[in-house]
Amino acid sequence: METIAVYWESQIKTYGLNEFDGLAHIQFACRPEQMTSVGRVVREMEEPGMRMLLVVGLTAEDGLMGLGLLVGQRWEEGVMHKLRSALGEEANPSLQSTSPVSLIFLHGPHFGDRYGIADAAVGVLTRKGIPLVALGCTASSIYLVLPENHREAAGRSLKEAFLMPSP
């Protein structure tokens, strides 16, 4: 006999909502054999105060790997320059940046136990006409990258849709 349990809450509980502004989302595609060079660039681009807030990877067309990096806007040009060098001329058309963007992430006690959490977050933003630049999910967190001028409206909408801890 198999037992399957699904946890469900009418309003999804979270541990809170975190928001960051002044970011750049850099995305590009590369061949799998270029990942060593790209990884070296990412590892070596650390500067005092610099943090990479999010790395999202996916498979792209023609066997390429798609990557998205979220860094502070002040490091955008330097990161773009280093990636251009590592990727070579043929990959440069895929290298692009969107800025300024914001990051909103939330995590909760039951995110890994139930379905529909990403749909709830993306759905509320879609209904409010708030565009997404990138989305990343783990078992316990959702990371939403959006144009910076939409961060306040997105935060309000998510606070209405999800149950936040009391102050």
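Predicted model: local features only at pLDDT ≥ 70, side-chain atom pairs only at ≥ 80, totals over all residues.
A residue counts as buried when its relative accessible area is under 20%, as exposed when that area is over 50%, and as partly exposed in between (1.4 Å probe, protein chains only). Residues are numbered from 1 along each chain as its sequence is written, and side-chain values use heavy atoms, leaving out hydrogens and water.

**The whole chain**

- The protein chain has four helices and eight strands, where helices (H or I, at least four residues) and strands (E, at least two) are DSSP runs numbered from the N terminus.
- Followed along the sequence, these elements give the pattern β-β-α-β-β-α-β-α-β-β-α-β.
- The C-alpha trace spans about 50 × 45 × 30 Å along its principal axes.
- Contact here means heavy atoms within 4.5 Å; among contacts between residues at least 6 apart in sequence, 77% join residues at least 24 apart.

**Helix α3 and its surroundings**

- In α3, the residues Ile117, Ala121, Gly123, Val124 and Leu125 are buried.
- Those buried residues of α3 pack against β1 (12–13), β7 (141–147), α4 and β8 (162–163).
- Just after α3 comes Gly129, with a positive phi of about 75°.

**A look at Val122**

- Val122 sits in helix α3 and is partly exposed, with a relative accessible area of 23%.
- Leaving aside neighbours within four places in sequence, Val122 is in contact with Leu132 and Leu135.
- From Val122 to Leu103 there are 19 residues in sequence and 14 Å in space, C-alpha to C-alpha.

**How α3 meets α4**

- Two packed helices are described by the angle between their axes and the distance between the axes.
- Helix α3 (residues 117–127) and helix α4 (residues 151–161) pack at an angle of about 130°, and their axes are 10 Å apart.
- The two helices α3 and α4 are therefore oblique to each other; angles under 35 degrees count as roughly parallel, over 145 as roughly antiparallel, 65 to 115 as roughly perpendicular and the rest as oblique.
- On the α3 side, Ala121, Val124 and Leu125 meet Ala154, Ser157, Leu158 and Ala161 of α4.
- Sorted by class, this contact of α3 with α4 has six nonpolar residues, one polar and no charged.

Conventions. Axes fitted to C-alpha atoms, helices over the stretch in contact; angles between N-to-C directions. Nonpolar A, V, L, I, M, F, W, Y, C, P; charged D, E, K, R; others polar.
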